[in-house]
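Please go through the structure shown here in questions and answers. Keep each answer brief.

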Amino acid sequence: MNKEIGICVIVAICILVLLIGLLKRRAELLLNFAVRIVVGAVAIYVTNQFLQTQGSSIAVGINPYSLLTMGFLGFGGYGLLYGILFYQSV
């Protein structure tokens, strides 16, 4: 009986360690995603203000779709959003 309890304890500890590792990785991914969204929103705002002072009518809206694009793609999403608008204006 003691051997079976010992095996169960070892298996439970292994599962606990795996779960902690998964949660740590997931928290890291969520933090990275949130940072990309915040930095992306600030970058869009600053770029829109700069383009407005230059007399350009091109402006990316800060909405859930653009923020999700920035969150998933990061700097590439920023370029994508402005690239689409520049392409449409040509």
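**Helix faces and contacts**

Helices here are DSSP runs (H or I, at least four residues), numbered from the N terminus. Buried means under 20% relative accessible area, exposed over 50%, partly exposed in between (1.4 Å probe, protein chains only). This is a predicted model: local features need pLDDT of at least 70, side-chain atom pairs count only at pLDDT 80 or more, and totals for chains, interfaces and linings use all residues. Residues are numbered from 1 along each chain as its sequence is written, and side-chain values use heavy atoms, with hydrogens and water left out.

Q: How many Å apart are the end C-alpha atoms of α3?
A: Helix α3 covers residues 75-89, which is 15 residues. The expected span is 1.5 Å times one less than the number of residues. That gives 21 Å for α3, and the model agrees: its end C-alpha atoms are 21 Å apart.

Q: Which residues of α2 are buried?
A: Pro64, Tyr65 and Phe72 are exposed on the other side of α2. The buried residues pack against α1 and α3. They are Ser66, Met70 and Gly71. Their arc is only 140 degrees around the axis, which puts them on the same side of α2. So the buried set is Ser66, Met70 and Gly71.

Q: Which residues does Thr47 touch, not counting residues up to four places away in sequence?
A: Thr47 lies in helix α1. Its relative accessible area is 17%, so Thr47 is buried. Its contacts are Tyr78 and Tyr82.

Q: Is Leu30 buried or exposed?
A: Leu30 lies in helix α1. Gly71 is 41 residues away in sequence and 9.7 Å away in space, C-alpha to C-alpha. The relative accessibility of Leu30 is 56%, so Leu30 counts as exposed.

Q: With which residues is Ile62 in contact, leaving aside its neighbours within four places in sequence?
A: Ile62 lies in the loop between α1 and α2. At 46% relative accessibility, Ile62 is partly exposed. Its C-alpha atom is separated by 9.3 Å from that of Gly40, 22 residues apart along the chain. The contacts of Ile62 are Ala41, Ile44, Tyr45 and Leu67.

Q: What is the C-alpha to C-alpha separation of Gly21 and Leu67 in space?
A: Gly21 is in helix α1. Its relative accessibility is 39%, so Gly21 counts as partly exposed. Gly21 and Leu67 are 46 residues apart in sequence, and in space the separation is 28 Å.

Q: Which residues make the nonpolar surface patch of about 450 Å²?
A: Ile15 is one of them. This residue is in helix α1 (residues 2-53) and counts as partly exposed at 47% relative accessibility. The patch is made by Ile7, Val11, Ile15, Leu19 and Leu22.

Technical notes:
Patch = residues over 30% accessible without salt bridge, like charges linked within 9 Å, V, L, I, M, F, W, Y side chains within 5 Å. Areas by Shrake-Rupley, 256 points an atom, 1.4 Å probe, with all protein chains shown as cover. Salt bridge = Lys/Arg side-chain N within 4 Å of Asp/Glu carboxyl O. Helix = DSSP H or I, 4+ residues; strand = E, 2+ residues; numbered from the N terminus. Arc of directions from axis to C-beta. Contact = heavy atoms within 4.5 Å.
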